[in-house]
Amino acid sequence: MTSHDRPSAPKFNLTESDLAEKAEQSRKRTEATLAAILGSVTAEQATFSNVIEAVEFNNRLSEYQLLALLQNAAPDANIRKAASQACQAIEHDNLAMVENEELFTLVDAAKRSVNDDSLTIEEKKMLDTMYRWFTDTGAKMDTEARDRFSEISKRSIKLRNAFMDNIASDPGGLWMTEQQLAGLSRGKYESLEVGPEGKRRVTLKRPDVQAALRQCHDPETRKAVLIASESICPENVDIFREIVLLRDEAARLGGFTSFAAQSTSNRLAKSPAVVNKLLQDLKRKLRPLVDREMLELEQLAPRGTPLHAWDFDYYHQQLLRDKNVDHDLLSEYFPADYTIVQMMGVFQELFGLKIEEVTDKEEGDTWHRDVKMFAVWDEESDSFLGYLYTDIYPRPGKYNGAANFNIRPSYIDENGNRGPVATALVCNLSSPSQDRPSLLQHSELVTVFHELGHGIHDLLGRSKYITFHGHRAVKDFIEAPSQLLEYWCWTPQTLKRLSCHYSHLSSQSERAWRKHQSSAEVDLPPRDILDGLINSLIATKNVNAGILASRQVALALFDMRVHDPPSHAALEGMDIPGAFDSLLRELTGLSRLEKGATLGHGHVTTAHFVWGVEASYYSYLQTRIFAADIWKTCFRDDPMNAAAARRYRNVILDKGGSGDEAKMLEELLGHAPSLGPYLEGLGAAI
């Protein structure tokens, strides 16, 4: 395939001056848009087209999404810094537009003059969304309140970017002896950096932390690793406190009782009261299951020893082994690069796509040499949909987590044409070693399938406006499509399809495998994963499901506690790290440290509560409820049913956030979604 077969792709070989220039171009464009609207439209003339769509069109030309990717994934620290500065500049430009009183007068006039019956569902949603952009930034406040609100908004942008820059920095590591790391798999141990006196460096990036917590026999090692991992980014502690205080103050200036009240008012939940009822219902219904699971775990720990947070993963793995699941052996059947390509094959079959790797990349087509690039077409129409990138291995300065970055959203331009999408899977899987490829633990396989799902949602999005493209739905719906896809990772046919023992990938891989065997004559493992191993894995799906779900409830309750305090004074006096720690202790049943002490500040080691799901962490649970119902209703009996998948694509994925998500769900299901399938799937009483 040559580059002539497809539209041009974004270029990522940008210099610091290029990034500054993009920010400057954005500023000039925003100023020109504002001047054009204010100079040609009066309140009496204001319409949906000459005001609402004119403002929305400005968003289409922004390269903010590409800059946000470089801020989080560029290999050069100076480029990351310059991208961060450019993102801040664009955010300030956007803020200036929605703070413009003359423009709001026109937006308000357009909203009052438009006959809703003349608008499509997406146009009506665009009108309401844009009106809210202005009112949420103080458009209806008096002058004094607006001035303070503007100060808060600008300060919040600066704090958020500082927070994200800290998360992107090197988290450091711990030097440990071979004795301290006893239990760590040979492959993982040998992949760690060697230091003075033969010690090995356990970095505080996710793959190393998870391996140490799951495998190391010494509880003191596990404790040290967990405490260190929850103590990274100490600068973020004060930043987080200031952010949530500013959010609360801004929401109250706008007439809301809290930031959560403001945030949920235009979501499916509608209010913090609805959210808290859901969380309390889940807490209550999960409690019996959590208690049963804790009794089983306690049988594995030394008698009289409390189970701590750093013990959970270790004994969880032991329970899995007791059920004849060796996750290290299992991972040998899921070499990362091979398995990810096979995942794309599943998406192709389900949703009618054609995905091909771009092998003739030109300079600047990716942001790092390890990034792979794929071109995606719609199979039925043969129309080009866009580009999908995979950036899967950790490196210094890279975003320390797993996420989908939408680089170039799609929309209908003024000539009725749709541009191609660009979207990226960014994660941190264990890097290949000298003699074996990166091997996916099953939990990593689920994570990658989930995040790729966001990318597929982007590629399939057919909204008119960029605001609603792909996974840009309301926050308490956005995760449902990707969480639905996780179910495929527990079906025998999918696991077989994704698997190939790494020793069969190449002659080099075979030699690498034999290097670790006791005899050179031993037969190679089967190429495809055995039915017995698959069945054993599937039998473990609900091991400690109650504790894991309750941990999510704890995080959601923490999110609501800091974003829905009874008063601003209550938030000022809140022990935020203590609240985080105590909720996890209470809901999981796992001890952390002695009473009054916290493990660290885990709430500021992730972007979730600052930029992503702030005041909506509950959505991970809400959307799991949606996903469970969709799975049971549409796919459980026939996961590869192409007709069901195409209908799901048409009703849900193609629309992105352009429709009424609650009505879309009911149309797909034929009924209102319920909690029952989710609880049933966990093994909890309904």
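Predicted model: local features only at pLDDT ≥ 70, side-chain atom pairs only at ≥ 80, totals over all residues.
Residues are numbered from 1 along each chain as its sequence is written, and side-chain values use heavy atoms, with hydrogens and water left out.

A pair of aromatic rings is described by the distance of the centres and the angle of the planes. Rings of Phe, Tyr and Trp (its six-membered ring) pair if their centres lie within 6.5 Å, and planes under 30 degrees apart count as stacked, over 60 as edge-to-face and the rest as tilted. The structure holds 22 aromatic pairs, and one of them, Phe609 with Tyr617, is tilted, at 5.5 Å centre to centre and 40° between the planes. Phe384 and Tyr387 form an edge-to-face pair, with 5.0 Å between the centres and 65° between the planes, and both of these residues are buried. Ring pairs also link a cluster, and among its members are Phe347, Trp488 and Tyr648.

Some rings carry a charge over them, which here requires NZ of Lys or CZ of Arg within 6 Å of the ring centre and within 35 degrees of the ring normal. Arg160 lies over the face of Trp611, 4.2 Å from the ring centre, and the charged end of Arg222 sits over the ring of Tyr315, at 5.9 Å from its centre.

Let us turn to one residue, Thr339, which is placed in helix H16, residues 336-351; helices (H or I, at least four residues) and strands (E, at least two) are DSSP runs, numbered from the N terminus. Is Thr339 buried or exposed? Thr339 is buried, because its relative accessible area is 0%. Not counting residues up to four places away in sequence, Thr339 touches Tyr333, Phe334, Leu440, Leu445 and Leu498, a contact being heavy atoms within 4.5 Å. Its side chain also reaches the backbone oxygen of Leu498 at 3.1 Å.

Finally, there is an open sheet of three strands in the order S1-S3-S2, with antiparallel pairing, where two strands pair if DSSP finds at least two bridges between them. The edge strands, each pairing on one side only, are S1 (173-176) and S2 (193-194).

Notes:
Buried < 20%, exposed > 50% of the residue type's maximum accessible area, 1.4 Å probe, protein only. Polar contact = N/O pair within 3.5 Å; in protein donor to acceptor, adjacent residues only side chain to side chain.
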